[in-house]
Amino acid sequence: MKLLIAIAVAEYRERLQEFFSEHKVSFYNEIEMKGMKKLEKQHRLGNWFGQRTMGVDNIAFISFIGDEQADSLLEKLMQCKAEMPQCNINAYVIDVEKGVVQ
């Protein structure tokens with residue numbers, strides 16, 4: 001069993017839903033979150049001009065799936081990134097050693 005985590009900007013929600021549907025992922029969680037980028041160097045006077053770092057609306061999809069399903073879905077996501085270099089989807093597959101399931 002694998003844990004698949006896919007993170008993208010919110011605009012890619014439907015695209016990720018399509019990928020999960022195509023690969024017969026019957027259960028997953030969607031989490032809306034704010035992506036932030038820390039500035040390399042803060043000005044010595046702080047936030048003098050009143051501009052704040054603006055976050056980006058992101059979406060995360062999390063699912064426990066089978067090994068073959070995970071490999072197939074990850075391959076499809078890599079293919080998407082190859083075809084559309086600006087595609088802002090990141091995905092990770094993690095082995096699950098143990099768990100308690102219904």
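I take helices (H or I, at least four residues) and strands (E, at least two) as DSSP runs, numbered from the N terminus. In soluble globular proteins, nonpolar side chains tend to be buried together.

I then listed the contacts (heavy atoms within 4.5 Å) of Ile89. Leaving out residues up to four places away in sequence, Ile89 touches Ile7, Ala8, Tyr12, Arg15, Leu16, Phe19, Leu77, Cys80 and Lys81.

**Conventions**

I number residues from 1 along each chain as its sequence is written. For this predicted model, local features need pLDDT of at least 70, side-chain atom pairs count only at pLDDT 80 or more, and totals for chains, interfaces and linings use all residues, while side-chain values use heavy atoms, with hydrogens and water left out.

**Helix 2**

I next sorted helix 2 by accessibility: buried means under 20% relative accessible area, exposed over 50%, and partly exposed in between (1.4 Å probe, protein chains only). Ala70, Leu73, Leu77 and Cys80 of helix 2 are buried. They cover an arc of only 85 degrees around the axis, which puts them on the same side of helix 2; the arc is that of the directions from the helix axis to the C-beta atoms. An α-helix has 3.6 residues a turn, so residues three or four places apart point the same way. On the other side of helix 2, I found Glu68, Glu75, Met78, Ala82 and Glu83 exposed. The cover over the buried residues of helix 2 includes strand 1 (2-9), helix 1 (13-22), strand 3 (56-65) and strand 4 (89-95).

**Loop between helix 1 and strand 2**

Lys24 lies in the loop between helix 1 and strand 2 (29-35). I noted that its phi is near 55 degrees, a positive value in a residue other than glycine. Most residues other than glycine have a negative phi. Lys24 counts as exposed at 67% relative accessibility.

Val25 is found in this loop too, but Val25 is buried, with a relative accessible area of 7%. Setting aside neighbours within four places in sequence, Val25 is in contact with Phe20, Ser63, Ile65, Gln69 and Leu73.

**Salt bridges**

I counted four salt bridges, taking a side-chain nitrogen of Lys or Arg within 4 Å of a carboxyl oxygen of Asp or Glu. Asp95 pairs with Lys2, the closest N and O atoms being 2.3 Å apart. Asp95 lies in strand 4 and Lys2 in strand 1, so the pair ties together parts that are 93 residues apart in sequence. Asp95 counts as exposed at 55% relative accessibility, whereas Lys2 counts as buried at 15%.

Asp57 and Lys34 meet in a salt bridge at 2.9 Å, N to O. Salt bridges that share partners join Arg13, Glu30 and Glu32 into one network.
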